[in-house]
Amino acid sequence: RWAIQAGRIDEVFAEILQNMINNPAIPTSNHEHIQENLNDEMGNGDELKVHFTLFRNLLSALKIGDEEYENTPMNPGTQKIIDSLRDASLDQNNSLRILSLMSSEELICPHEFPILLAELRKYVDPKDLIYFDVHIEADVKHADDLIKLCYETITRTRQKISAVFDYQEEDLNNNCEFYDDLIKT
């Protein structure tokens, strides 16, 4: 259940990062870090290292076929995470929200993935779990970069730092709902 729902979120990450780059509310001086994140997401030119390709390999290792993945409906918590990230990435009036939401999303993975990885290693060949290793390592840097962009945005726009924490709390609440939905099903 986790793999199918998390795949839906992973599937839209490149779109959201591209939206951020295209969003005129985010200064071009901030694009370097976002572009680096997008490049990582896209495997830095190596089709086999595209993060969603790695995720598809994980689904395959878990014996989840394309049809099952595509036909399983999204849980409300999954949809809420995707909608909040997508909407914020397109919002041309508030760049701080998407920077904050994405920094929170990137902060979560290095903490949750080792737990999932420890369990999955009991059942799945470690070579099929590279998706997790890639994110555990890369997402720390992405989160740091996005947090730095949050502070630059606060300084530039004179917003209160509490806004970052409010947006991150929004994202954490969405992620709690994501996991609550998994427990319910």
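The buried residues of helix α8 are A163, V164, Y167, Q168, D171, N174, N175, F178, D181 and L182. The model described here is predicted. Helix α8 covers residues 162-184, and the cover over its buried residues includes α1 (2-22), α5 (76-90), α6 (95-120) and α7 (130-157).

**Helix α8**

- Helix α8 has 23 residues, and the distance from its first C-alpha to its last is 33 Å, close to the 33 Å expected at 1.5 Å a residue.
- A salt bridge requires a side-chain nitrogen within 4 Å of a carboxyl oxygen.
- Apart from neighbours within four places in sequence, D171 is in contact with L85, L101, S104, E105 and I108.
- F165 also lies in helix α8, where it counts as partly exposed at 44% relative accessibility.
- Together with Y151 and I161, F165 makes a nonpolar surface patch of about 280 Å².

- K184 forms a salt bridge with D181, with the closest N and O atoms 3.7 Å apart.
- K184 and D181 are separated by about one helical turn, because they are three residues apart in helix α8.
- An α-helix has 3.6 residues a turn, so residues three or four places apart point the same way.

- The side chains of E15 and R86 meet in a salt bridge with an N to O distance of 2.7 Å. Because E15 lies in helix α1 and R86 in helix α5, this pair ties together parts that are 71 residues apart in sequence.
- E15 is partly exposed, with a relative accessible area of 33%, and R86 likewise counts as partly exposed, at 25% relative accessibility.
- E70 forms a salt bridge with R56, the closest N and O atoms being 3.1 Å apart. This pair links distant parts of the chain, with E70 in helix α4 (residues 66-71) and R56 in helix α3, 14 residues apart.
- E70 is partly exposed, with a relative accessible area of 42%, and R56 counts as partly exposed at 24% relative accessibility.

**Helix α2**

- In helix α2 (residues 31-41), the buried residues are H31, H33, I34, N37, L38, D40 and E41.
- These buried residues of α2 pack against α1, α3 (51-61), α6 and α7.

**Positive phi angles in the backbone**

- G43 follows α2 and has a positive phi, near 75°.
- N44 is not a glycine, yet its phi is positive at about 50°. Its place is in the loop between α2 and α3, and N44 is exposed, with a relative accessible area of 54%.
- R158, also not a glycine, has a positive phi of about 65°. R158 is placed in the loop between α7 and α8 and is exposed, with a relative accessible area of 73%.

Key. Residues numbered from 1 in each chain as written. Predicted model: local features only at pLDDT ≥ 70, side-chain atom pairs only at ≥ 80, totals over all residues. Heavy atoms only, no water. Helix = DSSP H or I, 4+ residues; strand = E, 2+ residues; numbered from the N terminus. Contact = heavy atoms within 4.5 Å. Patch = residues over 30% accessible without salt bridge, like charges linked within 9 Å, V, L, I, M, F, W, Y side chains within 5 Å. Areas by Shrake-Rupley, 256 points an atom, 1.4 Å probe, with all protein chains shown as cover. Buried < 20%, exposed > 50% of the residue type's maximum accessible area, 1.4 Å probe, protein only. Expected span 1.5 Å × (residues − 1).
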